[in-house]
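The sequence and coordinates follow.

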Amino acid sequence: GAAHGRHCHQHRGQGSGSGSGSGSARPQPQPPEPSLLRFLVCPLSKRPLRYEEATNELINEELGIAYPIIDGIPNMVPEAARMTDKKPPGSGSEQP
């Protein structure tokens with residue numbers, strides 16, 4: 001059996017649309033995956049967190065802290081959390 005017909009034609013197809021779209025003026029903060037948010041709980045209180053789109057943070061209303069989200073990845077270490085300005089309920093600040 002003679003090995004005839006060994007034709008090596010390699011056509012590298014350049015895929016059109018490489019998707020390096022640098023047309024946007026300023027990068028939008030990337031929200032976390034919705035499926036990821038369902039499983040995220042605060043490491044301190046083990047309660048679900050609320051995603052705040054305006055600040056791109058995960059808010060723990062109960063403790064009054066907010067975890068930053070960097071590149072769509074929530075930074076869930078307590079050191080990274082910042083205190084939100086909200087006063088905890090029942091602090092007795094509003095007297096009649």
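Glu52 is partly exposed, at 24% relative accessibility; the class covers values between buried (under 20% relative accessible area) and exposed (over 50%), with a 1.4 Å probe and protein chains only. Arg50 is also partly exposed, at 37%, and Glu61 has a relative accessible area of 38%, again partly exposed. Glu52 and Arg50 form a salt bridge, with the closest N and O atoms 2.8 Å apart. The term requires a side-chain nitrogen of Lys or Arg within 4 Å of a carboxyl oxygen of Asp or Glu.

A salt bridge also joins the side chains of Glu61 and Arg50, at 2.7 Å from N to O. Glu61 lies in the loop between S2 and S3 and Arg50 in strand S1, so this pair ties together parts that are eleven residues apart in sequence.

## Basis of the model

The model is predicted: local features need pLDDT of at least 70 and side-chain atom pairs count only at pLDDT 80 or more, while totals for chains, interfaces and linings use all residues. Residues are numbered from 1 along each chain as its sequence is written, and side-chain values use heavy atoms, with hydrogens and water left out.

## Strand pairing

Strands are DSSP runs (E, at least two residues), numbered from the N terminus, and two strands pair if DSSP finds at least two bridges between them. S1 (residues 50–52) pairs with S2 in the antiparallel sense over three bridges; Arg50 has Ile59 as its bridge partner in S2. Four residues separate these strands in their hairpin, where Asn56 takes a positive phi near 55°.

S2 and S3 (residues 65–70) run antiparallel and are joined by four bridges, with Glu57 opposite Pro68 in S3. Their hairpin also has four residues between the strands, and Gly64 takes a positive phi near 70° there. S3 is joined to S4 (residues 73–74) by two antiparallel bridges, Ile73 in S4 being the partner of Ile70. The turn of this hairpin has two residues between the strands, and Asp71 in it has a positive phi of about 55°. Two bridges join S3 to S5, also antiparallel; here Ala66 is partnered by Arg82 in S5.

## Burial around strand S2

In a regular strand, side chains alternate between the two faces of the sheet. Both faces of S2 are covered: Glu57 and Ile59 on one side, and Leu58 and Asn60 on the other, are all buried. Ile59, in S2 (residues 57–60), has a relative accessible area of 8% and is buried. Leaving aside neighbours within four places in sequence, its contacts (heavy atoms within 4.5 Å) are Leu49, Arg50, Glu52, Ile65, Ala66 and Thr84.

Thr84 lies in the segment after strand S5 (82–83) and counts as buried, at 17% relative accessibility. Beyond residues up to four places away in sequence, Thr84 touches Ile59, Gly64, Ile65 and Ala66.

## The Arg82–Glu57 salt bridge

A search of the whole structure finds four salt bridges. One of them is between Arg82 and Glu57, with the closest N and O atoms 2.8 Å apart. This pair links distant parts of the chain, Arg82 in strand S5 and Glu57 in strand S2, 25 residues apart. Arg82 is partly exposed, with a relative accessible area of 37%, whereas Glu57 is buried at 8%.
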